[in-house]
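The exercises below ask you to read surface and pocket features from a structure, each with a worked solution. Please try each task on the structure before reading on.

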Amino acid sequence: MKCLVTGGNVKVLGKAVHALSRIGDELYLEPLEDGLSLRTVNSSRSAYACFVLAPLFFQQYQAITPGQDLLRCKILMKSFLSVFRSLAMLEKTVEKCCISLNGRSSCLVVQLHCKYGVRKTHNLSFQDCESLQAVFDPASCPHMLRAPARVLGEAVLPFPPALAEVTLGIGRGRRVILRSYQEEEEADSTVKAMMTEMSIGEEDFQQLQAQEGVAVTFCLKEFRGLLSFAESANLNLSIHFDAPGRPAIFTIKDSLLDGHFVLATLSETDPHSKDLGSQELHQPVPQLQDYSTSHLDDFANDDIDSYMIAMETTVGSEGSRVLPSVSLSPVRQLSHSPDPHSEEDEAEPSTVPGTPPPKKFRSLFFGSILAPVHSPQGPSPVLAEDSEGEG
Amino acid sequence: MKFRAKIVDAACLNHFTRVSNMIAKLAKTCTLRISPDKLNFILSDKLANGGVSMWCELEQENFFSEFQMEGVSAENNEIYLELTSENLSRALKTAQNARALKIKLTNKHFPCLTVSVELLSVSSSSRIVTHDIPIKVIPRKLWKDLQEPVVPHPDVSIYLPVLKTMKSVVEKMRNISNHLVIEANLNGDLNLKIETELVCVTTHFKDLGNPPLASENASQDRNPEQMAEVHLDIRKLLQFLVGQQVNPTKALCNIVSNKMVHFDLLHEDVSLQYFIPALS
């Protein structure tokens with residue numbers, strides 16, 4: 001594999017690596033016929049990201065070196081990131097960047113051709129790996145919104161950098177609401193965190209296909225990573241989401257590249273946010289019913305694999321599916337589970353080998369697929385009316 | 001208890017943001033006292049925590065276009081709240097280019113000071129950010145600990161040099177010592193001193209000027225050359241100096257020998273008093 005990136009695209013590549021580095025510790029590099037794919041998944045497998053850079057993105061793109069097998073590799077994110085660490089440097093001094101991979105040297109070679117004939121060569125050792133592929137389908141998500149990345153970037157700006165999760169939902173008057181998510185333990189403790197809520201009018205969105213009252217909660221850090229990439233490239237960002245607990249899919253696309261981020265969303269089991277729902281976020285009843293029926297319909301003809309972000313590996317181009325090298329046991333286990341309301345699986349996510357003892361959020365990632373369907377009253381944030389409540 | 005206020009003017013909003021940033025730098029948590037005419041940010045540290053106290057006062061009508069409040073009762077028409085000052089400053093940071101800002105006391109899922117900001121956006125649409133800052137309402141019986149501190153008669157009162165200069169001097173001294181001696185006389189001299197086993201560093205400021213003496217008091221008979229000195233925890237002094245981003249209109253330092261130093265600052269119409277006790 002050999003490819004050559006020139007001019008401003010070097011920085012775009014750098015930015016993409018920065019966005020991916022917010023998610024995983026390993027980068028999966030795979031030359032495909034329709035472009036170079038860069039993928040990563042986080043250690044708890046609750047977030048997956050993929051960029052495909054089209055052959056047009058490169059000045060020269062050669063997926064297969066003649067006489068060689070198709071190669072794909074896995075490298076440490078840290079070492080790849082260090083090549084592109086300083087974006088200012090990339091912009092100012094690097095004229096072209098050449099990435100080549102060949103089996104003989106067992107090194108991924110990244111060469112930066114800089115001004116004044118300076119050439120920096122990075123030899124990164126890699127591991128052979130199988131293809132990393134998440135199974136997801138944006139088309140199966142009933143809810144979708146699209147806006148320029150700048151709008152969403154401005155929307156997350158007020159949130160503190162340390163905030164872990166944010167809830168996205170549709171509020172009264174079809175306003176899009178982003179709200180800081182507070183974990184149960186935090187909410188119960190005496191030291192309370194500041195709650196921030198951003199409310200944006202429907203007119204700032206190019207497309208808004210979701211009813212009032214729907215909401216999902218996902219990780220902010222990964223979302224910020226994609227946003228900063230999309231903002232710099234001045235792209236539109238689409239967010240596809242479903243019921244709480246099902247993955248949300250964030251996509252960007254232009255003629256030279258496309259990007260997909262798939263983030264787990266929090267399964268709605270938090271009594272605190274239900275409190276919120278009952279206290280001040282009364283949803284009109286008909287909408288709730290609409291919501292739950294459509295939801296049930298969805299669930300009835302639900303091909304379970306299309307909803308989960310299951311890591312699958314395919315061996316080469318034969319397309320035969322094998323059990324991946326990454327720990328997939330929870331998915332397998334769940335997908336053969338006859339009882340969709342099985343709570344044991346949810347209750348014991350920590351028994352999965354290789355999964356770190358996660359926050360409830362992350363552990364629910366796989367289990368959530370089978371979460372009970374009758375829990376439509378989410379955090380469903382609605383802009384609270386100005387109240388003069390007693391303090 | 002009710003409280004609701006609104007700022008529409010950009011200059012007022014900026015000024016209020018600056019005040020809240022300053023408070024956030026000076027105190028981690030503070031008490032906000034709301035009365036019909038004034039807002040006060042109050043810090044009164046327990047002696048165990050260093051005993052620093054702060055009294056910041058601003059006239060509400062210089063900031064707010066609307067201001068309604070109803071205190072605990074008619075005769076005690078005040079509200080005392082405890083809040084994390086960084087929360088307030090962070091909430092106001094998002095109000096940089098706001099059309100309007102509202103602050104109100106609410107009881108959503110917990111008692112909060114709700115700051116809602118209507119942002120200007122390129123399109124005609126409106127964006128609203130709401131921050132719910134958790135607060136603790138301070139009961140009446142604790143109010144007495146939060147009254148305006150009595151300023152003791154100083155031995156020496158002197159105008160401060162440019163605070164930025166003073167900050168950079170103290171920052172460097174901080175690397176060498178944990179204690180600092182601040183001394184001044186009625187001849188316009190102020191010295192910052194540190195002493196360790198290895199080195200002794202003094203920075204001299206001259207001709208700073210002394211304010212006219214208020215009335216009959218002991219310092220009238222004082223020899224103008226005689227220094228009054230206080231030993232301080234250098235971190236406390238530095239914290240005060242770091243909090244001063246804008247040079248104040250007036251900056252006065254009052255020294256009560258071996259007891260405390262009192263800084264009296266005026267930023268346009270906001271007054272700040274800051275007390276650092278002496279190390280024994």
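**Exercise 1.** Find which residues make the nonpolar surface patch of about 310 Å², and decide whether B:L198 is buried or exposed.

*Solution.* In this predicted model, the patch is made by B:I176, B:L198 and B:V199. To place B:L198, look at the loop between β13 (190-195) and β14 (200-205) of chain B, where this residue lies. The relative accessible area of B:L198 is 84%, and because exposed means over 50%, B:L198 counts as exposed.

**Exercise 2.** Describe the largest pocket by its volume, by the residues nearest its centre and by the helices that supply its lining.

*Solution.* Begin with the volume, which is about 630 Å³. Next, turn to the lining of 28 residues, of which A:E154, A:L157, A:P158, B:K93 and B:T94 lie nearest the centre of the pocket. At least two lining residues each come from α4 (149-156) and α6 (220-232) of chain A and from α1 (10-26) and α2 (85-93) of chain B. Finally, sort the lining by class, which gives 12 nonpolar, 8 polar and 8 charged residues.

**Exercise 3.** Carry out the corresponding description for the second largest pocket.

*Solution.* The space in this pocket comes to about 530 Å³. Of its 25 lining residues, B:T29, B:L43, B:S44, B:D45 and B:E82 are the closest to the centre. In chain B, the strands β2 (29-34), β3 (38-44) and β10 (136-137) and the helix α4 (234-242) each supply at least two residues of the lining. By class, the lining holds 12 nonpolar, 5 polar and 8 charged residues.

Technical notes: Residues are numbered from 1 along each chain as its sequence is written. Chains are lettered from A and ligands numbered from 1 in the order in which they are written. This is a predicted model: local features need pLDDT of at least 70, side-chain atom pairs count only at pLDDT 80 or more; totals for chains, interfaces and linings use all residues. Side-chain values use heavy atoms; hydrogens and water are left out. Patches are made of residues with over 30% relative accessible area and no salt bridge: like charges are joined within 9 Å, nonpolar side chains (Val, Leu, Ile, Met, Phe, Trp, Tyr) within 5 Å. Accessible areas come from the Shrake-Rupley method with a 1.4 Å probe; for residues, only the protein chains shown count as cover. A salt bridge is a side-chain nitrogen of Lys or Arg within 4 Å of a carboxyl oxygen of Asp or Glu. Helices (H or I, at least four residues) and strands (E, at least two) are DSSP runs, numbered from the N terminus. Buried means under 20% relative accessible area, exposed over 50%, partly exposed in between (1.4 Å probe, protein chains only). On a 1 Å grid over the protein atoms alone, a cavity is a set of points where a 1.4 Å probe fits but cannot get out, and a pocket is an open set with protein on both sides within 12 Å along at least five of seven lines; lining residues have an atom within 4 Å of a point. Grid points are joined across faces, edges and corners, and a volume is the space filled by probe spheres set on the points. Ala, Val, Leu, Ile, Met, Phe, Trp, Tyr, Cys and Pro count as nonpolar, Asp, Glu, Lys and Arg as charged, and the others, Gly among them, as polar.
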